[in-house]
Amino acid sequence: MDDEKLSVSISVRNLVEFILRSGDIDNRKAHTDTDAMQEGARIHRKIQKSMPEGYRAEVALKTVRILERTDREGTLALTVEGRADGIYKLNQDIIIDEIKSTYLSLEHITEPVPVHEAQAKCYACIYGKDEGLTRIGVQLTYCNIDSEEIKRFNKIYDVAELSDWFDNVVKEYSKWLFWEADWKKTRDETIRKLEFPFTYRPGQRELVGDVYKTVSRGRKLFIEAPTGVGKTISTVFPAVWNVGEGKASKIFYLTAKTIARTVAEDTFGILREKGLKFRYVTLTAKEKICILEKPDCNPVSCSRAAGHMDRINDCVFDLLTHEEEINRELILRYSERHNVCPFEMSLDVSLWADAVICDYNYAFDPDASLKRFFAEEKKNDFIFLIDEAHNLLERAREMYSSELTKEAFLNVKRSVAAIGKKLEKQLEYCNKAMLALKRECDDFQVWDNADDLYNRLLRAASVFEDFLDNNPVGFEGRDEALDLFFDMRRFIEVYENMDEAYRIYTDYNERGDFRIKLLCMEPASKLRKIMDNTRASVLFSATLLPMNYYKEQLGGEAEDYAIYAPSPFSPEKRIVMVGRDVSTRYTRRNRDEYLKVAAYIEAFVKAKKGNYMVFFSSYKMMEDVLKASDILQSWCIENKEGDEETPEILKELQKENYELVEISSERDKTGFDKSSYHEENDIKILVQRREMKEKEKEAFLDEFKENPDSTLVGFAVMGGAFSEGIDLTGDRLTGAVIVGCGLPMVSNEKELFKFYFDEKSGNGFEYSYLYPGMNKVMQSAGRVIRTVDDVGAILLLDERFGNPQYTNLFPREWFPYVTVNIGNVTERLSEFYEKH
């Protein structure tokens with residue numbers, strides 16, 4: 001595309017907030033402009049209606065500036081547009097009225113906020129030039145949302161001076177526009193030359209085509225893609241092509257796991273090796289990238305927060321003009337060089353990136369979404385690639401739910417008593433409203449509404465806001481107070497937007513605290529609303545079964561596409577066995593059943609030297625099986641760094657008075673016991689603990705080595721850190737045992753889901769227990785075969801795996817499976833391994 005034909009549009013607000021921002025990052029403010037913008041529309045309309053006759057509201061304004069390049073010939077047409085809140089005549093002057101709603105007490109606003117004033121000046125310049133005026137007035141109208149109190153600031157400007165000022169703003173922005181135009185031209189040229197980087201596997205060409213057509217047509221696509229299909233490259237490649245053809249401007253690669261973000265980075269890296277110029281940025285959670293031990297974003301606690309806004313544009317431009325693969329390490333390096341916040345910097349970089357690799361919450365969570373992209377409910381041309389989409393359902397339910405505990409009100413009430421009497425009084429009212437609910441709740445109670453608590457929260461939130469504004473630092477318990485404040489705000493927002501897909505209940509959490517929860521039963525409508533505002537969404541997973549269930553629950557509609565990608569793996573390289581002579585049903589759990597499970601595990605891992613995983617439905621089941629078997633106990637090793645005593649899991653077993661074998665303590669630098677506990681077979685068991693740090697998880701997986709000299713067995717839980725999102729290819733994993741059907745524990749909340757879906761569709765058990773459980777089973781089993789060269793065995797243990805209700809959910813590639821018993825499982829494995 002020639003420079004002369006380039007045209008770009010930007011809103012007045014976005015222009016001034018980008019070019020003219022200044023000052024500090026400061027989390028001591030209880031509110032954000034975005035909060036006020038979303039809740040202040042009513043205030044705007046009320047003020048506009050109260051103005052004198054002749055006041056024109058929401059006046060559309062636009063100007064087009066032709067920008068000249070300085071490095072070579074070429075121009076660019078920049079359209080700057082927006083809506084002035086009001087225009088009216090006062091005496092002999094035309095006044096541009098800019099209305100800003102705020103939660104701040106107006107006594108704290110002693111002069112206009114610079115970017116607010118700049119926004120009004122832009123409107124004044126555009127209108128003044130269009131109307132041939134020599135002077136024009138600007139009025140900043142601030143209104144407190146709670147009290148509706150108003151404060152105004154007025155100033156008269158010379159239109160010629162405003163025009164010079166506006167030209168300088170546009171000139172500063174032009175360097176970004178010309179850089180972006182050059183980049184996109186280069187990018188699109190490389191996309192047109194780009195070819196698929198691998199030989200297509202069976203069915204992969206069709207998958208790539210389906211994704212391409214989905215984006216081109218602006219639809220949603222749900223993909224069940226077994227391991228090995230190459231789903232990441234098969235979705236990224238056609239999405240990139242659509243960007244190059246101008247059908248989309250940006251790709252959001254959304255994931256639930258850190259490992260999936262790494263895979264996405266690697267995929268873009270592969271395309272770059274083939275000549276693609278495509279800039280991506282990976283967003284890392286604030287807690288993980290912050291330079292402080294705990295994020296505290298204000299100029300008092302963090303030197304980088306002080307003056308961050310003054311330095312950030314130079315930092316971002318430096319990075320953009322030198323880097324293309326913008327990962328966590330690069331963000332940290334450049335943020336240190338320019339002394340800015342790495343997290344906020346990464347968000348700013350995302351504006352200029354072609355692809356953003358990030359967690360689901362940046363797109364879907366109302367509290368964490370990227371407001372610069374999703375704050376306004378308007379159609380955009382983004383592509384959503386949603387990886388491991390089966391995880392989005394539970395995550396979305398959490399995002400759109402909210403809860404409060406009675407104890408939080410009491411704790412904060414005590415901490416503010418000496419310095420905030422008004423707030424103390426309001427929190428006591430909230431506490432009493434919670435107490436009234438508690439008196440009606442012995443264990444678990446469902447409610448039609450929580451109107452009394454909601455009304456108390458509304459009044460308390462206003463007082464809370466003033467308290468935090470007046471006490472930004474320096475009182476004990478401030479962190480807990482801030483947590484409660486935002487929890488209250490979240491609760492109010494959810495309560496005001498609840499629909500028939502919500503239930504309200506009270507109960508007691510694991511600490512015994514009384515709580516009330518607004519539970520989102522179905523997030524489909526909320527997910528659909530966000531996805532419908534994108535160009536297209538592609539949701540994919542190796543375990544998106546049953547398809548209709550996930551399509552319904554994740555916001556799909558009848559006209560949206562759904563496909564099942566065929567597995568590229570030879571069925572001869574995998575054996576799936578089902579042991580039905582053992583049960584993990586709660587009513588059948590006893591020592592005899594645990595010994596059967598242990599016997600199966602022993603036979604499975606003794607059949608061939610190698611690395612194995614055994615996945616249990618819960619930590620309790622895992623511990624019970626270990627307690628029952630002296631053999632399994634004797635194989636246990638521990639992964640707790642620096643602990644030279646008895647492994648933690650065995651300490652727990654000792655409490656139950658089970659006889660244990662003597663354990664040595666020969667450990668290497670990772671903290672793993674390297675001694676051989678079972679001399680005959682040289683077998684060791686490594687046990688997942690309930691809480692493991694990232695380094696401990698990495699060390700756990702590092703023990704699964706290629707060409708092992710001995711047999712290593714990892715005991716883990718379904719749905720945990722090691723059951724999905726990890727690749728143990730080749731000899732790093734020989735087989736997996738799945739103990740149980742993965743059904744969630746029966747709980748009041750799960751029973752609430754069951755009752756809800758029984759009423760709605762008669763599928764309460766399936767939606768609440770069966771489908772989530774079997775998804776965990778499939779994810780766990782999916783660890784075994786990761787590449788076309790892998791050979792592996794899968795053993796499913798539970799009588800229910802003989803029930804069609806369960807086997808009908810098996811993925812296609814598991815058929816035909818082999819039914820075994822404890823007497824012939826070794827023989828079946830031997831026959832399989834002899835062929836390979």
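1. A crossing counts as left-handed if the near helix is turned anticlockwise from the far one by less than a right angle, and as right-handed if clockwise. With that in hand, α6 crosses α7 in the right-handed sense.

2. A word on the model: it is predicted, with local features needing pLDDT of at least 70 and side-chain atom pairs pLDDT 80 or more, while totals for chains, interfaces and linings use all residues. Numbering starts from 1 along each chain as its sequence is written, and side-chain values use heavy atoms, leaving out hydrogens and water.

3. Back to helix α6 (residues 204–217) and helix α7 (residues 231–244): their axes cross at roughly 40 degrees and come within 8 Å. Axes here are lines fitted to C-alpha atoms, for helices over the stretch in contact, with angles from 0 to 180 degrees between N-to-C directions. So α6 and α7 are oblique to each other (under 35 degrees is roughly parallel, over 145 roughly antiparallel, 65 to 115 roughly perpendicular, the rest oblique).

4. Which residues meet here? On the α6 side they include Leu207, Val211 and Tyr212, and on the α7 side Phe237, Pro238 and Trp241 are among them. Contact means heavy atoms within 4.5 Å.

5. Now look at helix α16 (residues 406–416) and helix α17 (residues 421–439), which pack at about 160 degrees with axes 9 Å apart. That angle makes α16 roughly antiparallel to α17. The crossing of α16 past α17 is left-handed.

6. Residues in this second contact include Phe409, Leu410 and Lys413 of α16, along with Leu427, Glu428 and Met434 of α17.

Note on methods
Helix = DSSP H or I, 4+ residues; strand = E, 2+ residues; numbered from the N terminus.
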